Amino acid sequence: MADKLIIFDTTLRDGEQSPGASMTRDEKLRIARQLERLRVDVIEAGFAASSNGDFEAVQAIANAIKDSTICSLSRANDRDISRAAEALKGANNARIHTFIATSALHMEKKLRMSPEQVLEQAKLSVRFARNLVADVEFSPEDGYRSDVDFLCRVIEAVIAEGATTINVPDTVGYAVPELYGNFIKTLRERVPNSDKAIWSVHCHNDLGMAVANSLAGVKIGGARQVECTINGLGERAGNCSLEEIVMAVRTRKDYFNLEMNIDPVHIVAASRMVSQTTGFVVQPNKAVVGANAFAHASGIHQDGMLKARETYEIMRAEDVGWSSNKMVLGKLSGRNAFKQRLQDLGIQMDSEADTNAAFARFKELADGKSEIFDEDILALVSDESVTHEKEQYGFVSLSQHSETGERPQATVVFTVDGKEVRGESDGNGPVDASLKAIETHVKSGAEMVLYSVNAISGSTESQGEVTVRLQNSGRVVNGVGADPDIVVASAKAYLSALSKLQSKADRVAAQG
Ligand code: KIV
Ligand code: ZN
């Protein structure tokens, strides 16, 4: 019988650590629900002790998600571990993931602790965590660059204290596949009680090898858990990408011979949700979830595909949630066709009221745009009017005038805590004038660190999707807005980012 490969998703913890990717509690909860639909085994929901905001997000996810194990990261100290346990109280299956650095460099320069102190701290922490929950994961941070003899001592000791999963991070993305695979193999062979724990891989992508290294950890090393993120989101060059790992193991079952719980049909919707929430755009040629991943443009490829799709396709687009039915929707499409398309795209609305709101938004869009593509539908289900997420600032209407040689003028009507206000301004262009019109009331003092416009589908009829990243007093937030009018999309994105700036959550870095 094939072994099982555990998929541990850390989009909401390690993924969120990438600068500018921070998410609100409600955004995290929506993504967690999508991860549950995807049937991810373990969701690392955050780092409860890092901030009140993260504590609340872990708690909300632990209370709402029942099918996946919910995990919180914690440094190796009693306070962090207690906070994690407290946040996880409502979970059906709770895991505490505690970590401490074991490489000479990190111990000496960062922790200023001797190896013996680190060993002792690791043991005490796992013992403490095991008294609070049955499922405890231990990570020796910078494990791949640690001295192998010392690492074996630490791992043996924490397994003896009751750690149920041992995760070996390549924290800085330094590994190469064969060496990393053999490293895990050596550890498993040398640690006398290695069979008492599940071994896990956690690879960063600094040299572009996170997925390859993780697969080697599984194939050569015998790891049975992979830590990964949707779209490979994460600090610096990111983490191992969930969609690539899952589809590699699934497509090459002949080689890996492993079973997974994952239902891949929800992958594209998850990718879209994470990209929209964080403002981290997915490159068109990204494996599995990029817009071109299944597009066959050359004549030879198209001809082959028409004769037999296996000539150029190793996976089926519909298996990961790209709709197989290329019929585009339009203003004459009814509710049933719309609901069917949501289902084909792997989107499950939380309630009938949400489906109604999404359908109303769809009709509005179809009035001005002859063809509605899958990308439009994926964008509209994330719209604030559909998700009902209460934001402090809400868009109402906008008018602007621009003419060659004239300075553009804009008037924006928006709500502040439900009360309508109107701002007017001129600017360098219509977008600039509109955002300045908003600022005449808000006076946020925020600095814009990113403004990007992306056409959701390929024509001038397309909706524009705008991402705005704002920074103020050390906080960085993203706002995303979609509309066929890119000036309106910009105003929506800006208001959404301002709303997030106002929310109080403070945060500290997960890794010291
Ligand atoms: O990359 C890393 O070392 C981590 C640990 C906290 C597991 O994310
Ligand atoms: Zn990491």
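This is a predicted model: local features need pLDDT of at least 70, side-chain atom pairs count only at pLDDT 80 or more; totals for chains, interfaces and linings use all residues.
Q: Let's start with the metal: which residues coordinate the zinc ion (ligand 2)?

A: The zinc ion (ligand 2) is coordinated by D14 through OD and by H202 and H204, each through NE2, at 2.0 to 2.2 Å.

Q: And what spacing do those donors follow along the chain?

A: The donors of the zinc ion follow the spacing D-x187-H-x1-H. D14 sits in the loop between β2 (6–9) and α1 (25–37), while H202 belongs to strand β8 (residues 198–203), so this pair ties together parts that are 188 residues apart in sequence.

Q: Are D14 and H202 buried or exposed?

A: D14 and H202 are both buried.

Q: OK, what about ligand 1, which residues come nearest to it?

A: There are 12 residues around ligand 1, and those that come nearest are R13, D14, T171, H202 and H204. D14, H202 and H204 also coordinate the zinc ion (ligand 2).

Q: How far is an oxygen atom of ligand 1 from an N or O atom in the side chain of T171?

A: That distance is 2.7 Å for T171. For R13, an N or O atom of the side chain is 3.0 Å from an oxygen atom of ligand 1, and a polar side-chain atom of D14 likewise lies 3.0 Å from an oxygen atom of the ligand.

Q: Back to the strands, then: how do β2 and β8 each pair with β9?

A: β2 and β9 run parallel and are joined by 4 bridges, and β8 also pairs with β9 in the parallel sense, over 3 bridges. In β9, V226 stands opposite I7, and V226 also stands opposite V201.

Q: Which residues lie on the two faces of β9?

A: Q225 and E227 are on one side of β9 and V226 and C228 on the other; these residues are all buried, and both faces of the strand are covered.

Q: Moving along, which residues of helix α9 are buried?

A: In helix α9 (residues 242–251) the buried residues are L242, E243, I245, V246, M247 and V249.

Q: And what covers them?

A: The cover over the buried residues of α9 includes β2, α8 (210–219), β9 (225–228), α10 (253–256), β10 (258–259) and α11.

Q: Since α11 came up, where does S275 sit, and why does it count as buried?

A: S275 is in helix α11 (residues 267–278). Its relative accessibility is 11%, and because buried means under 20%, S275 counts as buried.

Q: What does S275 touch?

A: Leaving aside residues up to four places away in sequence, S275 touches N231, F280, V281 and V282.

Q: How far apart are S275 and A410?

A: S275 and A410 are 135 residues apart in sequence, and their C-alpha atoms are 29 Å apart in space.

Q: New topic: what is the order of the sheet that holds β11?

A: That is an open sheet of 3 strands in the order β11-β12-β13, with antiparallel pairing. Its edge strands, each pairing on one side only, are β11 (393–401) and β13 (419–426). On average, and with direction ignored, neighbouring strands of this sheet are turned by 15° against each other.

Q: How many bridges join β11 to β12?

A: 8 bridges join β11 to β12 (residues 409–416), and the two strands run antiparallel. One of the residue pairs is H401 with Q409, where Q409 is the bridge partner in β12.

Q: Which helices go with that sheet?

A: Helix α17 (residues 430–442) packs on the sheet and touches β11, β12 and β13, its direction making about 130° with that of β13. Helix α18 (residues 486–502) lies across β11 and β12 and runs at about 145° to β11.

Q: Last one: what is the order of the open sheet with β14?

A: The order is β14-β15-β16, again 3 strands with antiparallel pairing. The edge strands are β14 (447–455) and β16 (475–483), each of which pairs on one side only. Strand β15 (residues 464–472) pairs with β16 over 9 bridges in the antiparallel sense, and L470 stands opposite V477 in β16.

Methods
Residues are numbered from 1 along each chain as its sequence is written. Chains are lettered from A and ligands numbered from 1 in the order in which they are written. Side-chain values use heavy atoms; hydrogens and water are left out. Two strands pair if DSSP finds at least two bridges between them. Axes are lines fitted to C-alpha atoms, for helices over the stretch in contact, and angles run from 0 to 180 degrees between N-to-C directions. Contact means heavy atoms within 4.5 Å. Donors are N, O and S atoms within 2.8 Å of the metal (3.2 Å for Na, K and Ca); water is not among the atoms, so sites may look incomplete. Buried means under 20% relative accessible area, exposed over 50%, partly exposed in between (1.4 Å probe, protein chains only). A residue is near a molecule or strand if one of its heavy atoms lies within 4 Å of it. A polar contact is a pair of N or O atoms within 3.5 Å; within protein, one must be able to donate a hydrogen and the other to accept it, and residues adjacent in sequence count only if both atoms are side-chain atoms.
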